[in-house]
Structures are given as structure tokens and as C-alpha cells.
2 protein chains.
Amino acid sequence: MAETTEYDLIVIGGGPAGYAGAIRAGQLGKKVACIEMERAGGTCLNWGCIPTKALLKSADLYQKIKKSESFGISVKDVSFDFAKVMERSRGVATQMAKGVEFLFKKNKVDYIVGKAQVSAPGMVSVTEGEHKGKFFKTKNILIATGCKMRRIPGLEYDGVRVMTSREALANTKLPKSVIIVGAGAIGVEFAYFYNAFGTKVTLVEMLPQIVPVEDEEIAKTLHRSFEKQGIVIHTDTKCENFRVGADGVKVDLVKGDQKTEVEAELLLSAIGVVANVDGLLAGNVKPELEKNYLKVGDDYQTSIKGIYAAGDIIGPPWLAHVATFEAVSCVNGIFGHGKPKRVQKFPGCTYCQPQISSTGLTEKAAKEKKLDYKVGKFPFTASGKAVASADSEGFVKVITDAKTGEIYGAHIIGSEATELIAEYGLAIELEATVEEIHQTIHAHPTLSEAVMEAAAASLGEAIHI
Amino acid sequence: MAETTEYDLIVIGGGPAGYAGAIRAGQLGKKVACIEMERAGGTCLNWGCIPTKALLKSADLYQKIKKSESFGISVKDVSFDFAKVMERSRGVATQMAKGVEFLFKKNKVDYIVGKAQVSAPGMVSVTEGEHKGKFFKTKNILIATGCKMRRIPGLEYDGVRVMTSREALANTKLPKSVIIVGAGAIGVEFAYFYNAFGTKVTLVEMLPQIVPVEDEEIAKTLHRSFEKQGIVIHTDTKCENFRVGADGVKVDLVKGDQKTEVEAELLLSAIGVVANVDGLLAGNVKPELEKNYLKVGDDYQTSIKGIYAAGDIIGPPWLAHVATFEAVSCVNGIFGHGKPKRVQKFPGCTYCQPQISSTGLTEKAAKEKKLDYKVGKFPFTASGKAVASADSEGFVKVITDAKTGEIYGAHIIGSEATELIAEYGLAIELEATVEEIHQTIHAHPTLSEAVMEAAAASLGEAIHI
């Protein structure tokens with residue numbers, strides 16, 4: 001039977017959308033619960049963004065140590081304990097998950113561990129876990145169950161020879177060789193990570209470029225850098241005929257009419273995500289879907305009144321920061337705190353080395369839209385800070401309206417690219433021009449000067465190139 | 001006798017003001033020369049910002065390697081070759097100086113090595129170096145001779161026991177102990193650097209806090225961090241009675257009515273700068289001065305028509321990026337390319353670890369101005385990226401107009417603080433509000449989220465604290 005207390009909001013899912021939405025409702029003084037079937041923080045915090053960043057930090061450090069001689073530093077017998085690298089990553093995830101639980105308490109969010117189902121508008125039940133069988137009344141429901149890794153049909157994910165990133169994040173044994181299927185952000189991050197620790201990496205992408213959503217020039221630069229690092233890359237290539245044996249996996253790589261067999265100890269598939277909808281909705285609750293994602297309006301409401309959705313469950317771009325923004329915006333809207341806003345502009349980051357980041361249009365998109373655009377580019381080889389840090393690979397590229405200087409898109413590859421994109425993010429949000437960025441004094445010596453110089457370059461006024 | 005060609009502009013000094021001004025004039029198609037008495041790039045590039053960043057990179061790496069065990073990485077026998085650390089730094093300076101010479105060529109700037117003197121309005125002579133005795137006619141003169149290190153009166157700077165940062169940057173012998181007089185940016189960077197390599201460091205500051213221009217809370221946090229790192233700090237303390245011996249230097253530290261003697265192998269003085277005016281002006285050329293700096297108007301013109309000045313030579317804040325901006329703005333003005341603008345808003349950075357950066361008003365200044373202000377703060381312990389990188393010391397602090405949310409100042413201490421300040425710089429330049437920063441989606445997981453969360457915190461809407 002239903003619990004007698006009625007919630008103002010029940011959030012289903014405790015990831016970046018769910019926990020942020022629940023906390024925001026708590027901040028607004030609402031009676032709110034968050035039901036999460038695994039651990040607070042969701043995929044991002046437990047099996048995605050956060051633990052991978054911990055792994056990549058170890059990889060970066062290992063690479064830097066190997067180059068320490070040029071900095072006047074000597075080390076002997078550099079080695080690593082891969083299990084400890086993985087263990088630290090799990091520890092970071094645990095620490096952050098506890099942080100979210102603390103925030104739930106602080107903001108008076110009832111945190112319920114269990115699998116939730118929308119029984120009806122205004123009613124949520126728990127179908128698995130210790131609270132199984134409980135029903136909760138609520139004025140509003142926010143579905144934020146996110147996505148899970150998409151799997152290659154017909155292939156058994158045994159967690160030993162075949163994995164998604166999820167299993168790889170718990171795998172304490174470094175493979176001697178790996179085939180990574182899919183060269184999106186997750187694929188390239190794992191390619192960099194494994195390669196940094198000495199694994200023979202084959203990276204396969206069906207589309208013509210790695211990091212397919214990124215600017216072509218950025219993708220080409222990363223491609224060259226990865227090859228220099230020792231990663232074998234196959235673009236325009238499909239994987240067929242997976243054969244999983246006791247010691248490894250064999251796959252046929254098909255490019256045009258060429259077929260090559262590759263073999264590795266491990267196959268990691270990183271071919272995107274699918275919506276977490278299994279068991280989410282009782283049979284009579286049928287919100288409108290779009291390609292299996294929940295369809296929402298400008299206020300994040302589904303086709304059923306009082307049932308909202310935000311984050312990966314409403315479809316692309318499947319980014320944690322977009323999910324958080326959507327959920328907070330949705331909750332603000334539900335409780336009359338400002339008008340909800342659908343997301344148009346957002347940055348994307350990939351944390352391999354060199355890092356890449358972007359926001360807005362690629363040059364190709366600007367061309368396809370037949371925009372009258374200009375490009376400003378500044379290489380990190382011309383940045384004093386980058387040279388002093390011996391980190392001068394890459395460049396900043398900005399695409400602007402040829403007439404007004406408004407920024408259509410910005411693309412960065414290089415050290416700290418993922419931090420540098422924030423300034424362009426704000427600039428685009430504020431509809432600032434490259435002239436305004438150029439007229440803003442940037443601290444010397446910083447990499448952020450390259451953000452300014454790329455803007456200046458689009459005006460023909462960069463000093464250092 | 002005067003060379004027959006007349007220049008549109010002669011720039012005296014090849015530092016961040018001088019070389020940028022000269023290059024800008026070249027870009028505008030003007031006939032321009034830059035006369036520099038040492039090496040292109042000036043103090044910043046040869047004896048300041050750039051070589052110190054190279055040193056600090058080695059120090060950071062050495063510190064990180066010592067902590068690598070926690071990242072799952074083992075190293076044995078970590079050691080360093082201090083001479084090689086210094087040598088790399090000199091190499092970086094040389095590389096960047098050559099870069100400036102390349103830019104001179106590319107932009108058709110005549111680069112003349114020698115000491116220049118303003119003989120008269122429209123006439124510059126070379127008084128030292130291979131071009132000694134030559135006179136050059138020019139329509140405009142831009143003086144950008146910068147500053148040199150201030151010295152403690154009566155103390156002999158022998159480059160062995162007593163140094164400024166200039167000599168320290170060429171000193172290939174790591175001192176066992178050092179007394180650093182002055183805890184501004186240069187003093188604290190050297191304190192961090194020497195301490196990182198095992199030198200016993202005593203840092204002495206006359207004023208009540210280290211990094212005196214920074215926000216009190218930031219200074220306190222850095223003070224605690226430095227003490228934890230093993231640096232001995234004396235604030236509110238004067239140095240008296242310097243005794244330089246063959247093996248070291250003894251100094252009396254005077255705090256109130258207490259006097260303590262300290263001794264070290266090396267004394268590094270970092271007590272500010274003085275204007276480079278010696279021999280700069282012929283006897284009959286007397287532009288108005290202000291505390292020994294050249295006084296300029298809004299167009300950077302001195303009291304003598306056709307003689308302009310920019311950079312450190314016109315007084316504080318003695319920052320390379322401000323100098324560059326001023327010189328470019330001045331040159332644009334001279335040649336009718338936009339209205340020159342005097343600098344009001346600029347960032348400041350200090351590259352010790354934790355790094356610090358700031359722009360705009362400190363909280364104390366906001367209080368003194370009796371502004372109705374709010375503070376938003378976000379600690380890096382609550383940042384997923386910082387925790388994943390094991391770099392969670394410090395915080396972001398933003399000071400805003402309590403009513404409008406306009407940003408009065410921003411202050412950051414922590415990893416990559418010097419890069420993160422750029423976004424606040426743009427925000428202040430564009431008179432953006434904290435609400436606008438809060439509404440801008442920042443990539444997850446990045447440290448730049450802390451910039452957004454501090455903004456949100458000032459509105460009571462931060463999710464992660």
C-alpha cells in the first residue's frame with residue numbers, strides 16, 4: 001500500500017540528472033525522495049566520468065615520469081601496479097558517491113535504494129531491493145534513469161574477454177592487447193589509457209574519423225598523435241564475425257572490400273548507449289517515446305502530466321553536465337522558480353592526452369549550413385606557458401561569423417583543453433564576439449592566452465603567430 | 001648622423017610591451033624598429049615569467065613523482081640534477097626569444113640590439129652596442145624599457161650569496177638554505193621552487209600577509225599550505241643588519257620588538273622593481289614623471305608629443321599581460337586603429353603549488369569601499385575532477401554585487417587556478433552576472449565547474465556543497 005506521506009517530487013535515478021534534481025528540490029524546501037537502484041551518483045560518478053578520470057590521472061603521471069629526464073629529474077625502475085591503479089579509481093568513485101549521500105542528507109532528500117517503477121501519475125513503487133513492494137505518493141515524478149552501454153548483438157559480454165567500459169572499470173588485470181570497438185569519447189579514453197600502460201591497442205571506428213562528433217581537424221590531429229603514441233587505428237571500418245576463445249577474441253575488420261583478422265586478449269565495446277527503460281513504467285503508463293527515449297516538452301514534461309524526464313533518458317547528447325542542467329532546470333520549473341530552458345549550447349570533453357574539447361559548430365557544420373564564417377587558429381607551440389611546460393601539442397580553433405565576430409564554435413586539442421573550453425562556453429552563452437575576447441586581458445603566461453590569440457587570429461591581430 | 005630612412009615608430013625595449021607594440025605596428029603596415037639592449041623578449045621572457053614557469057614545471061613534476069605511489073606507480077631512486085633543471089629553463093627562454101625574433105622578421109620589424117636613448121622628439125640614438133653612435137629619425141617613439149629588480153640599499157648583490165631573481169635564474173647550484181626577502185609573486189614562486197627541491201626556505205614579508213595584493217583568505221590558505229610543505233614564514237617582519245660571509249648570509253628578523261637572527265647559504269631579494277630610466281633620455285628631453293615612472297595620458301602619450309610609453313615603465317601593476325595590452329592599445333591609437341584604452345581590469349597569477357589567481361576586488365577592498373557585496377565560495381574537495389586528480393586543495397571565491405550579481409572580484413587557489421581565472425576575466429570584462437555564469441553549462445568533470453558552482457553558491461544554488 002502507498003506510504004501516507006505525499007512527496008512533492010520523487011526522482012527516479014540518482015545520477016547527475018537525478019541527484020542534482022533532487023538536491024535542487026531540497027534546496028527549494030520541497031519534500032523530495034530519490035530512488036536509485038545501485039549507488040548514488042549513477043553511471044557518471046560510479047562507472048563513467050569520475051573513475052575514468054582517476055585512471056587517466058595515473059596514466060598521465062606514468063607517461064610524465066617516463067619523460068622526466070628532460071625536466072632534470074631521474075628515476076629508476078618505473079613500474080606500476082595495475083590493480084592499485086584500478087583500486088584508486090574505485091576509491092575515488094566511493095568517496096564521491098558518499099559525497100552525494102551526504103548532500104542528500106544535508107538537503108533533506110529521502111534517499112531510497114531500490115528499483116523504482118512509475119505505477120501511475122502520482123504514484124511510484126519499488127519493485128526490487130529492501131523496499132520492494134512499497135508505494136509512494138507524489139505530486140511530481142522526475143524520471144532520470146539514464147542509459148546503459150549498448151551491446152553488440154549476439155556477443156556475450158562475459159566480463160573477461162568481452163567488456164563494456166563498465167566491466168573494464170572493475171577489471172584489475174591489464175590486458176596485453178585490446179580491440180576497442182568505437183572511437184567516441186569512451187573508446188579513445190580507454191585507448192589512451194591502456195596504451196599508456198603498454199597494452200597493444202587496436203581502435204576501430206565505423207565512421208570516417210575518430211571522435212566523430214568533433215571538428216575534422218581536431219580528429220585528424222588526435223589521430224596522428226595516437227598513432228605516434230603507438231595506437232593502431234582503423235576508421236571507416238566495421239567489425240564482423242566475433243570469435244571469443246579462452247585466451248582472446250578474434251574479429252574481422254572490414255574496410256570497403258578488404259577484410260583483415262585481428263586478435264587481442266580483450267575486446268572492449270564502446271558503441272554508444274541505450275535508454276534505461278526496462279521495468280520503469282507500469283503497463284498502463286505510456287508516455288510518448290521517441291526512438292526509445294522519453295519525449296519531453298520545453299518544461300521537460302512527458303506526454304503525461306506530472307511526469308517529467310531529464311538527462312540521458314530523453315536522448316542525446318548523453319552528457320553528465322547537460323543532464324544536471326536539464327534536471328535542475330526542470331525542477332526549478334516545476335516549483336515555479338524560473339522558466340525551464342532546453343539545452344542548446346554545451347561543451348564536450350575527451351580526457352585522453354592530448355585532451356580535446358569543443359562547443360558549438362564544427363567547421364564542417366558551418367560549411368554545410370552555408371554560413372559566412374571565419375576561422376581563427378593558434379598553435380600551442382607559440383604559447384610560452386605550453387613551451388615552458390613541454391606540453392605544446394595541439395591548437396585552439398574558433399569559428400566565427402565573418403561579419404559580426406559572433407562565435408559559432410570553438411575546438412581545442414592540447415594540454416588542459418577540457419578546462420580552457422569554459423571561457424568559450426561563457427562567450428557563446430553571452431553571445432560575445434571574438435573582439436570582446438581579444439580585448440579581455442588574459443594572464444601571462446597561461447594556456448588561456450591561446451583562447452584569446454585564436455580569437456585575435458580570426459581578426460588578423462594575433463601577436464604571437 | 002641620422003639614418004636617412006624615417007620610421008613611423010621606434011620602440012625602445014623588446015619585452016612584452018615593446019615587442020608586442022612593434023609587431024602590432026608591423027601588422028598595420030608601418031615602418032617600425034625595436035631597439036633592445038639585451039635579448040628579444042625582455043625580462044618576462046628571458047628572466048621572469050617564462051624561465052620561472054619552466055623551473056616550476058620541474059618542481060611540480062618532482063613533487064608529483066614523490067607522491068606517485070598513491071597513483072599505483074612505483075619509482076626507485078628519484079633524484080634530480082639541479083644544473084639540468086636550470087639548463088632546461090634557459091633553453092626554454094632561448095627558444096621563446098628566437099620566436100620573438102622570428103615574429104619581428106615576419107612582421108618586418110627592424111630589430112636593433114643596443115641601448116637606445118631618446119635624443120629629441122622624433123630622434124632616437126644608440127648609445128651602447130654595435131650600432132653605437134647611430135641616430136634614427138622617427139615619427140613616433142614608444143618607450144617600453146620596463147623595470148629591473150629593486151635592490152636592498154647598502155647590500156652587495158654578488159650573485160653568489162646575494163641575488164635577485166635575475167641571478168637566481170642563472171644559478172645552477174641548489175642552495176642548502178635560502179632567506180627570501182619579500183613574499184610577492186616572485187618571492188613565493190622561488191620559495192615553493194627551492195623548497196620543492198629540498199632547500200630550507202625562510203620567507204620574510206614586511207606586510208601582514210604573504211602575497212600582499214591577494215585576498216586575505218587566499219593568502220591565509222597559501223600560508224598554511226606553504227607551512228605544511230615545510231617553508232618557514234615570517235610576516236609583519238623586517239630584515240635588518242645583513243651580514244654577508246664566505247659561506248652564507250646572516251640577517252636579523254625584526255617583528256615588533258622581537259629580533260631573531262637567521263642564517264642561510266643564500267639571500268634572495270624579491271622586494272619589487274624600479275623603472276629602467278638610466279640613460280634613457282637625453283638631458284633636454286624631460287617628460288613628466290610620477291614617482292620615477294613615465295606619466296602618460298589615456299592615449300599612452302607622455303607629456304612630450306610623439307613620445308609614448310607603455311608597460312612597467314608607466315608604473316604598476318608591473319604585469320607582462322598588462323604591458324602587452326597597453327602597448328598594442330597605444331600603437332593602435334597612434335595609427336588610428338581604434339581608441340586607446342587604459343587598463344582597469346586584469347588578472348594576476350602566482351604559479352606556486354597551490355596556484356593562486358585573481359581579478360578585480362578583494363573582499364577587504366569591497367568592505368573598505370562599503371559595497372553591498374555577497375561572497376560565493378566553492379571548495380575543490382567537492383569537485384569530482386579535483387578528487388579524481390588528487391588535487392583538491394583550495395577553493396574558488398567570487399565577490400558580487402549583492403543586488404545585481406555583477407562580479408566585483410574573483411579569487412582562486414588550487415590546481416590550475418591560473419587557467420581558471422580566464423573565465424571570470426571575460427565575465428568581468430563583459431559585465432556578466434553570476435547568474436549568467438551559473439546558467440552556462442560547464443563540462444563535467446572539470447575544475448571549471450568550481451567557477452560555476454562558486455557563482456551558484458553566491459546565489460544559494462550550488463548543488464555540490
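Gly184(A) counts as partly exposed, because its relative accessibility is 26% (buried means under 20% relative accessible area, exposed over 50%, partly exposed in between, with a 1.4 Å probe and protein chains only). The model is predicted: local features need pLDDT of at least 70, side-chain atom pairs count only at pLDDT 80 or more, and totals for chains, interfaces and linings use all residues. Residues are numbered from 1 along each chain as its sequence is written, chains are lettered from A and ligands numbered from 1 in the order in which they are written, and side-chain values use heavy atoms, with hydrogens and water left out.

Gly184(A) sits in the loop between β10 and α6 of chain A. Helices (H or I, at least four residues) and strands (E, at least two) are DSSP runs, numbered from the N terminus. Leaving aside residues up to four places away in sequence, Gly184(A) touches Glu205(A) and Pro212(A); contact means heavy atoms within 4.5 Å. Ala185(A) belongs to helix α6 of chain A. At 33% relative accessibility, Ala185(A) also counts as partly exposed.

Residues 7-327 of chain A are 31% helix and 31% strand, and their end C-alpha atoms lie 17 Å apart.

An open sheet of 5 strands in chain A runs in the order β9-β16-β10-β11-β12, with parallel pairing. Its edge strands are β9 (162-163) and β12 (232-234) of chain A, each pairing on one side only. Strands pair if DSSP finds at least two bridges between them. β9(A) and β16 (residues 266-269) of chain A are joined in the parallel sense over 2 bridges. Val162(A) has Leu267(A) of β16(A) as its bridge partner. Helix α6 (residues 185-196) of chain A packs on this sheet, touching β10 (177-181), β11 (200-204) and β16 of chain A. The direction of α6 makes about 165° with that of β11(A). Axes are lines fitted to C-alpha atoms, for helices over the stretch in contact, and angles run from 0 to 180 degrees between N-to-C directions.

Chain A can be laid on chain B with an RMSD of 0.0 Å, by a turn of 180° and a shift of 0.0 Å along the axis. That is the relation of a two-fold axis. Copies are superposed by least squares on the C-alpha atoms of residues with pLDDT of at least 70 in both. The same surface serves both copies, as 100% of the contact residues of chain A recur in chain B.
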